[in-house]
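Have the viewer open while you read.

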Amino acid sequence: MVLATIAILVGLPVMLWSAGKFVDGAAGVAKHFGVSPLLIGMLIIGFGTSAPEIIVSIFAALEGNSGIALGNAFGSNIANIALVLGLTAVVSPIAVRSEIIKRELPIMLAIVFIAAWQLMDLTLSKDDAFTLLGLFVLLVGWSIWQGMKGSADPLANEYSEQIESTSTTVKTNVVWLLTGLVLLIASSRILVWGAVEYAAFFGVSDTIIGLTVIAIGTSLPELAAALIAVRKNEHDLALGNIIGSNMFNTLAVVGLAGTIHPTAIDSSFFYRDILIMVGVSVALFLFCIGIKKQGRLNRLEGGVFVIGYIAYTWYLIQSSFI
């Protein structure tokens, strides 16, 4: 257990740090070649914030630990909304000004419903996985189309400010891109091994480990980015990163895991965790889309999200040892 503990304590922070450097390097290289800030933000940063989940789930699926892969993906979706956006809204209510965000929210909700519908038979098949990956390709294409339009949307302006504030050479960006990728892969491999060892030692399912320790850990970059964004009054950026991350998690992370290792899931996972993911996604949609007024996530709603997430996590831990 000592080695497993070290693996988690070392693997998680290295993974988070390397993911950040990977995103910074990729964004810097894209900026050098004249890619629009909106495209960099929606595609590269959106993909990069899900890089920990993607790499962790790939290694977990390759080793036959599909519970970690699915728990990580869907658990991160729950944590991103209930924990990350909840805490962020408690610090500063999140107003939704971007029309792009208002278009992305229904897409995110539709993707969540599609994934839930696929898993109603308690099986993630290769057909399900390839369908998700196909939708992922369509999503990437849509993001590229949006980015190339050069919109004057508030989200585009916030991405532009974020990207223009960094000035490093192409050589430095390439070094960080490659270094971040190598360390991300290595640290994710170490983290998965440590998580599997912990699950075996405590006699809990790898799904629970994926839903708790790994899901919260891989959501930390989103939490840091969201808090920094609202402090700069970049509310649409905070929300946009979470929506993008959740769509990438559901389509790319689950899709890749399913193509590598199709799996059956427990009924408890569907009726508890999948339905909770659907519930928080619906709640976020209703709060942010706004009915006859500007949408926003206020402190009360954020507090309800956070309290609900704490209760959910506590229930997972308690039920694992009964």
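Is the crossing of α5 and α11 left-handed or right-handed? The crossing of α5 and α11 is left-handed, a term used if the near helix is turned anticlockwise from the far one by less than a right angle, with right-handed used if clockwise.

A quick word on the ground rules. This is a predicted model, so local features need pLDDT of at least 70 and side-chain atom pairs count only at pLDDT 80 or more, while totals for chains, interfaces and linings use all residues. Residues are numbered from 1 along each chain as its sequence is written, and side-chain values use heavy atoms, leaving out hydrogens and water.

**Helix pairs**

Helices here are DSSP runs (H or I, at least four residues), numbered from the N terminus. Axes are lines fitted to C-alpha atoms over the stretch in contact, and angles run from 0 to 180 degrees between N-to-C directions.

| Pair | Axis distance | Angle |
|---|---|---|
| α9 and α11 | within 12 Å | roughly 10 degrees |
| α5 and α11 | within 10 Å | roughly 165 degrees |
| α4 and α12 | 7 Å | about 140 degrees |

Angles under 35 degrees count as roughly parallel, over 145 as roughly antiparallel, 65 to 115 as roughly perpendicular and the rest as oblique.

Ser-281 sits in α11 and is buried, at a relative accessible area of 2%. Buried means under 20% relative accessible area, exposed over 50% and partly exposed in between (1.4 Å probe, protein chains only). Beyond its neighbours within four places in sequence, Ser-281 touches Ile-81, Met-108, Leu-109 and Val-112.

Now for the other partner of α11 in the table. The angle of roughly 10 degrees makes α9 roughly parallel to α11. Thr-207, Ile-208 and Leu-211 of α9 meet Phe-269, Arg-272 and Asp-273 of α11, a contact with three nonpolar, one polar and two charged residues.

As for α4 and α12, their angle of about 140 degrees makes α4 oblique to α12, and the crossing is left-handed. Ile-78, Ala-82 and Gly-86 are among the α4 residues in this contact, and Phe-305, Tyr-309 and Tyr-312 are among those from α12. The classes here are 13 nonpolar, three polar and one charged.

**Cores**

A nonpolar core is a set of buried Ala, Val, Leu, Ile, Met, Phe, Trp, Tyr and Cys residues joined through side-chain atoms within 4.5 Å. The largest has 63 residues, and Phe-74, Leu-105, Leu-239 and Leu-284 have the most contacts inside it. Elements giving two or more residues to this core include α4, α5, α11 and α12. Leaving out residues up to four places away in sequence, Phe-74 touches Ala-115, Leu-119, Thr-250, Val-254, Phe-269, Ile-274 and Met-277. A second, separate core of 22 residues includes Met-15, Leu-16, Leu-191 and Ile-209.

**One glycine**

Gly-28 lies in helix α1 (residues 2–32) and counts as buried at 14% relative accessibility. Gly-28 and Thr-172 are 144 residues apart in sequence, yet 8.9 Å apart in space, C-alpha to C-alpha.

Note on methods. Contact = heavy atoms within 4.5 Å. Nonpolar A, V, L, I, M, F, W, Y, C, P; charged D, E, K, R; others polar.
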